Amino acid sequence: MIILKNVNKYYETGGERVHAVRNLSVTFPDTGLAFILGPSGSGKSTLLNLLGGLDLPSEGEIWIEDKEISTFTSKERTNYLNSYLGFVFQEYNILKDLSLKENIVLPFEIQGYSRKKINEKFEQILNDVELTGLEKRKVNQLSGGQKQRVAIARALASGSNLILADEPTGNLDEENSENIFDILKNLAHMNNCCVIVVTHNLELATKADKVITLRSGRIIEE
């Protein structure tokens, strides 16, 4: 479970102090698909960076299971980033010179899994994201929807407890967007993990198990 308690985040930019997240308290469950909605500048990306450990709150606490994130040692932070959570981005961020399989298994190789274990995990993830039969394809042979599924698969390989997705369907048409959200929701429940998505897609918010809406760094609806 992820718990935020009275979290504030300030930035200094151009001599001005920006209050990006304001006294935010929210709990995300261990399992399920959560949407973070809100207009540009509402604090969505800042919140995602805080959840991902890429930034620390100026005030308040973020608890990951039974550990407060600001107390992480260097080793604990590395473990959190490399094996607890995975990221999915709008621009895919997959390596164009590698095949579909090479992109997906890269986190397993970094984590030191045996070749046998890597192949076992790869086959399962490939099935989970509905890419079976495409493992030998190069990235430039994939559609936009397939590339995003590769990105989701790599996030699963990086960490199976928490997946953070920043506008994962921003470059996709309506049909592919709906398919990606269906996959994310199924993965959350099949793998007993939490998937948190920043999105502008209000129409598909009904697919989420939890929805919070931000405005000016505050939660205005939950």
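## Cores and helix packing

Leaving out residues up to four places away in sequence, valine 7 touches Val21, Arg22, Asn23, Leu24, Leu50, Pro57, Glu59, Gly60, Glu61 and Ile62, where contact means heavy atoms within 4.5 Å. This is a predicted model, so local features need pLDDT of at least 70 and side-chain atom pairs count only at pLDDT 80 or more, while totals for chains, interfaces and linings use all residues. Residues are numbered from 1 along each chain as its sequence is written, and side-chain values use heavy atoms, with hydrogens and water left out.

**Valine 7**
- You'll find valine 7 in strand β1, residues 2–13 (strands are DSSP runs of E, at least two residues, and helices are runs of H or I, at least four, numbered from the N terminus).
- Valine 7 counts as buried because its relative accessibility is 0% (buried is under 20% relative accessible area, exposed over 50%, partly exposed in between, with a 1.4 Å probe and protein chains only).
- Its C-alpha atom lies 18 Å from that of isoleucine 196, which is 189 residues away along the chain.

**Nonpolar cores**
- The largest nonpolar core has 40 residues, and Phe35, Leu100, Ile104, Val129, Leu184, Val195 and Val197 touch the most other members (such a core is a set of buried Ala, Val, Leu, Ile, Met, Phe, Trp, Tyr and Cys residues joined through side-chain atoms within 4.5 Å).
- At least two residues of this core come from each of β3 (32–37), α3 (100–110), α4 (115–128), α5 (144–158), β7 (162–166), α6 (174–190) and β8 (194–198).
- The top contributor is α5, with seven residues.
- There's also a second, separate core of 27 residues, with Leu24, Leu48, Phe72 and Ile196 among them.

**α5 against α6**
- These two helices pack at about 20°, axes 10 Å apart (axes are lines fitted to C-alpha atoms, for helices over the stretch in contact, and angles run from 0 to 180 degrees between N-to-C directions).
- So α5 and α6 are roughly parallel to each other (angles under 35 degrees; over 145 is roughly antiparallel, 65 to 115 roughly perpendicular and the rest oblique).
- On the α5 side the contact uses Gly145, Gln148, Arg149, Ile152 and Leu156, and on the α6 side Asn176, Asn179, Ile180, Ile183, Leu184 and Leu187.

**α3 against α4**
- The axes of α3 and α4 come within 10 Å and cross at roughly 125°, so the pair is oblique.
- Contact residues include Leu100 and Ile104 of α3, plus Ile118 and Phe122 of α4.
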